[in-house]
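Please look through the following notes with the sequence and the model side by side. They are arranged as numbered points, each on one part of the structure.

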Protein chains: 2
Amino acid sequence: MIETPYLLFLGDAPDQLAAKVAQGIRDWRPENAVGQFRMEGCEADVGLRNMSLAEARVAGAKTLVIGVANRGGTISADWKEVLVEALQLGFDLASGLHNLLRDEPDLIAASHVNGGTLHDVRVPNVAYPIATGRRRRGKRVLAVGADCSVGKMYAALALDDALRERGVASTFRATGQTGILITGSGVPLHAVIADFMAGAVEHLTPDNDPDHWDIIEGQGSLFHVSYSGVTLALIHGGQPDALILCHEPTRSHMRGLPDYRPPTMELLRDMALTLARVANPDCEVVGISVNTQHMSESDAMAYLEEVEERLGLPAVDPFRQGAARLAEALERI
Amino acid sequence: MIETPYLLFLGDAPDQLAAKVAQGIRDWRPENAVGQFRMEGCEADVGLRNMSLAEARVAGAKTLVIGVANRGGTISADWKEVLVEALQLGFDLASGLHNLLRDEPDLIAASHVNGGTLHDVRVPNVAYPIATGRRRRGKRVLAVGADCSVGKMYAALALDDALRERGVASTFRATGQTGILITGSGVPLHAVIADFMAGAVEHLTPDNDPDHWDIIEGQGSLFHVSYSGVTLALIHGGQPDALILCHEPTRSHMRGLPDYRPPTMELLRDMALTLARVANPDCEVVGISVNTQHMSESDAMAYLEEVEERLGLPAVDPFRQGAARLAEALERI
């Protein structure tokens, strides 16, 4: 668990997109952040109060979260200065960067001053067990994608919001670094050792109240040959009661795989459901989340209507419309 | 690569079963071993010449392979004495034990005397790439199981033998520690980081001559919820042209999962083939390997005949009958 509230470090972000982790925290868990820290030349702004490190500490901030991607795969000297000072002021640090905080001797040294913790959320810090397959109490829904990067995390966070609005108990369960930083906990599934992937997902989604929903963040795709094993571990470790199909209709080939076409929604539905029923015979596909960002409003609406009719399932773009209809569909099972 | 030939360390094995790694080397790659080393009280014997360490060195042995499981998860003082002496005599050591050679300071120290290498084959020593999904030259066959421990490695090694007997170029590609010790190389897939599983399998089965067969050792099962992700990474990283279904018909539940029934052969065939065709649209199921060790000869033959008729595929127990009919079936595609 990463201690909240956060101060969001935007560094010298060259544009708004570079700060997408900070934006995600701002969008989905604004209560987790007291403010933002911007360095000279920073071109990103997530709309929180600008604060110095000392001001944020006074406001109660416990952790400085690196909410921005770095350039060139190194932590620059300019960043380092801020991070060291934060540790000296008693902050913990949290980062999803590829290069790890724990590999930087000056950060380790500075962390000893006040006993600050260095959270590298991209790597596991738990020895996960081997999955037992035992049925657990409580309910679970998993977002499964036709491809990578089709909006699975967004759909899951929107669904979590929509359930809460309806007074349904739910928890978003992060399985990637951005989700972990947004919520403060989770499993970096991509970095888990093969034998323990499904066990890590069981660990993430333990027994719960019978009416509680775990909203499990999806990863990869059964149809993406680089990462499909991770996806199947999510399906079998999560033993979902419900699946949401996620899709980006304008894509002509699988992400990073020019020779692979994305599957149809029907093929995704059948494959995911057949596999999910190995772990949970009662699993059902309850809805479809479509990322229509590259379509006009009218094309998007026409497409959603067509898919909805074809598959007989509610189809929404959670960014345009929210996920209320997916939440309704979940409540019916 | 582990240097051959080996001397097989049987230690103080309490029975023959404890020495199954050594037995596997003796059965499948006898040319890889000059002899066996047995300690006082050893109850296993794989039928090779008993040799001292010094005799084996004179006979050309390069690596002392731990061919036996240890008890209690520690490397005992008695074993240690032999292993240290072997390193001093210039042997490399190779082990698939859970507790690693490289974690033992006295073995590390002894390895420095003659520059001996400590091979812990249970953990990867390569930074595997992310899978690209690019089609590779040469042909590949993968053994997929209804469950764990149904004879996939045995079937693959028998098939490799049968192909060679027919003059077909083939290579057994090990994906677990026993197979790696038998052949001297491979990928310990269970210990690979999630993101790199399929890439590790691509790395293991690179471009080859158009008529060459890679016989890829299977792991886990699509229907075994603890390990199914590993199996799917094999299917998508291996992009097999052919699948062999592997099965143990007397099992009432999945290994280690009392609440899960094994799938039918039909279900295994359909699921494995549908997933395999994502990576290789031309993939076919060519045969069935049945482990009939818990059946009488007549029951086994009746069962094989029934399955063969039902699925329209050659069905053999490679232990009882060899894998010639599976090799024939492969040659037809």
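1. Contact here means heavy atoms within 4.5 Å. With that in mind, Glu248(B) touches Val150(B), Asn291(B) and His294(B), leaving aside residues up to four places away in sequence. Glu248(B) sits in the loop that links strand 9 and helix 9 (265–279) of chain B, where helices (H or I, at least four residues) and strands (E, at least two) are DSSP runs numbered from the N terminus. Its relative accessible area is 7%, so Glu248(B) counts as buried, a word that stands for under 20% relative accessible area, with exposed over 50% and partly exposed in between (1.4 Å probe, protein chains only). The side chains of Glu248(B) and Thr250(B) are joined by a polar contact of 2.8 Å, that is, a pair of N or O atoms within 3.5 Å, of which, within protein, one must be able to donate a hydrogen and the other to accept it, while residues adjacent in sequence count only if both atoms are side-chain atoms.

2. This is a predicted model, in which local features need pLDDT of at least 70 and side-chain atom pairs count only at pLDDT 80 or more, while totals for chains, interfaces and linings use all residues. Residues are numbered from 1 along each chain as its sequence is written, chains are lettered from A and ligands numbered from 1 in the order in which they are written, and side-chain values use heavy atoms, with hydrogens and water left out.

3. Strand 1 (residues 6–11) of chain B is largely enclosed by the rest of the structure, because six of its six residues are buried. Tyr6(B), Leu8(B) and Leu10(B) cover one side, and Leu7(B), Phe9(B) and Gly11(B) the other. In a regular strand the side chains alternate between the two faces of the sheet.

4. Strand 1 of chain B pairs in the parallel sense with strand 2 (residues 33–38) of chain B over five bridges, pairing being called when DSSP finds at least two bridges between two strands. Within this pair, Leu7(B) stands opposite Gly35(B). Strand 1 of chain B also pairs in the parallel sense with strand 3 (residues 63–66) of chain B, over four bridges, and there Ile66(B) is the bridge partner of Phe9(B).

5. In helix 12 (residues 324–331) of chain B, the buried residues are Leu326(B), Ala327(B), Ala329(B) and Leu330(B). These residues lie on the same side of helix 12 of chain B because they cover an arc of only 160° around the axis, the arc being that of the directions from the helix axis to the C-beta atoms.
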